[in-house]
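Okay, thanks everyone, let's get going.

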Amino acid sequence: MVGHHAVEMLFAEAKKEKRCAIPSTETEAKALQRRVRSGSVERPFRGMYAEATYWHALTRYEQLRHVVRALAKKHPDWVFCGPTAAVMHCLDCSYRLLLPLHILGNPNTHHRNTRQLKRHVVSYPETTEVEGVKVTGLMRTLFDCAETLDLRYSLAPIDSALRAGHVSRDNLLAYPSSVKYSRHRQSAIRAFDLSDARSENGGESSARGMLHDMGYPPDDIQVEFSCLDRPNRRHRVDFLWRREDGTFVALEFDGVRKYVDPNMTSGKAVREVVDDERRRQQCLQRQGVAMVRMYASELDNPQRVLADLEHLGIQRTHS
């Protein structure tokens, strides 16, 4: 039987390399499986293990990176692509795209895709290494996401790459013409054209993608209005439409974080945050800004939000 010390050493090495532990012998694997049954160890991917307390302290993105780093150690010839490469490049990416993992496949070899792993044949992919993991280059990763994903999902990694300064907008817009073979080049061009570094997070990028696809593209984003009560204060809205009479409709994409995350509430209690938000909305209304709110859960079912926009005079531009 593998002793406690041997298992601890296995996990210590994995933590040092920020990856999942990989047993090298059948005896080690059985020892880890016993710990999985006891609940002290997690098995996030076939043949890979992590201490439960350590694993659950990681963000979902870092959990994915731990799995990818372990796979890269086990299969050093693998090249990760698409949303998986986007996460390795530390770009915004929807949780829904974390599985399956995406890797480049050999065009001369048939592989069956699974729930955990999907292979893609990509012509002339540019590749690089991120923390020792082979991935498609940043621009190719953005292009592949833009070409294959719905706009709701593809805008987030592109916006975040622009926001972080990883790529310039000029280089971004020029890139699609450099790709030799592409089945859906126009989808990529559209996503690149609609990208915007001003988008503050992946949720806002997803909401903007949905609004464009549903036929309600905003006239502008991240627009600021002066505060009528406190001259040194500004009120910024996520999405803005201008109505023919000179008034405005704003849409705010809200998550629960703005009410409970200390980094966003400045240490205020939830009630104080809610009161501040109400005063902010009243100030905007006095300036002719009608407000619509949208929550992350409504990205799947935006009918209520779209109906509110229609009610306030925002007409659909296409079906």
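Predicted model: local features only at pLDDT ≥ 70, side-chain atom pairs only at ≥ 80, totals over all residues.

The chain has 319 residues, and 47% of them are buried. On its principal axes, the C-alpha trace spans about 75 × 50 × 35 Å. The accessible surface is about 17200 Å², with 49% of that belonging to carbon and sulfur atoms. And if you take contacts with a separation of 6 or more, 54% of them are between residues 24 or more positions apart.

Nonpolar side chains in soluble globular proteins tend to be buried together. Here the largest nonpolar core has 49 residues, and the members that touch the most others are V67, L71, F80, L101, L142, L172 and F192. Several elements give two or more residues to this core, among them helix 4 (60-74), helix 5, helix 6 (138-148), helix 7 (151-163) and helix 9 (185-194), plus strands such as strand 3 (101-104) and strand 6 (133-136). Apart from that core there's another, of 18 residues, including V292, L299, V305 and I314.

Let me zoom in on L101. Which residues does L101 touch, if we skip those up to four places away in sequence? The list is F45, L64, V67, V68, L71, T84, Q116, L117 and K118. Pick L64 out of that list: L64 lies in helix 4 and has a relative accessible area of 7%, so L64 counts as buried. Beyond its sequence neighbours within four places, L64 is in contact with V87, L98 and L101. L64 and L99 are 35 residues apart in sequence, yet their C-alpha atoms are 8.8 Å apart.

Now over to helix 6. How many of the residues of helix 6 are buried? It's 10 of 11, so this helix is mostly covered. The buried ones run from L138, M139 and R140 through T141, L142, F143 and D144 to C145, A146 and E147. Note that charged side chains are in that list too: R140, D144 and E147 are all buried. As for what does the covering, that includes helix 5, strand 6, helix 7, helix 8 (169-174) and helix 9.

Take helix 9 from that set. The axes of helix 6 and helix 9 are 7 Å apart, and the packing angle is about 110 degrees, so the two helices are roughly perpendicular to each other. On the helix 6 side you have L142, F143, A146 and E147, and these meet R185, S187, A188, A191 and F192 of helix 9. By class, that contact has six nonpolar, one polar and two charged residues.

There's another crossing of this kind at the start of the numbering. Helix 1 (residues 4-16) and helix 2 (residues 26-38) have axes that come within 11 Å and cross at roughly 90 degrees, so they too are roughly perpendicular. Helix 1 brings H4, V7, L10 and F11, while helix 2 brings E28, A31, L32 and R35. That contact has five nonpolar, one polar and two charged residues.

Back to helix 5, where A86 sits. With a relative accessible area of 0%, A86 is buried. Leaving out neighbours within four places, A86 is in contact with L91, T141, C145 and P157. The C-alpha atoms of A86 and L138 are 7.7 Å apart, although 52 residues separate them along the chain.

Last stop, the loop between helix 5 and strand 3, where we find H89. Is H89 buried or exposed? At 15% relative accessibility, H89 counts as buried. Its contacts beyond four places in sequence are T128, V130, V135, T136, G137, L138 and T141. C90 is in this loop as well, but C90 is exposed, at 51% relative accessible area.

Backbone geometry, to finish. Most residues other than glycine have a negative phi, and most peptide bonds are trans. C90 has a positive phi of about 65 degrees. E131, in the loop between strand 5 (127-130) and strand 6, also has a positive phi, about 55 degrees, and is exposed at 56%. And the peptide bond from L99 to P100 is cis, with P100 in the loop between helix 5 and strand 3.

Note on methods: Residues numbered from 1 in each chain as written. Heavy atoms only, no water. Axes fitted to C-alpha atoms, helices over the stretch in contact; angles between N-to-C directions. Helix = DSSP H or I, 4+ residues; strand = E, 2+ residues; numbered from the N terminus. Parallel < 35°, antiparallel > 145°, perpendicular 65-115°, else oblique. Contact = heavy atoms within 4.5 Å. Buried < 20%, exposed > 50% of the residue type's maximum accessible area, 1.4 Å probe, protein only. Areas by Shrake-Rupley, 256 points an atom, 1.4 Å probe, with all protein chains shown as cover. Core = buried A, V, L, I, M, F, W, Y, C linked by side-chain atoms within 4.5 Å.
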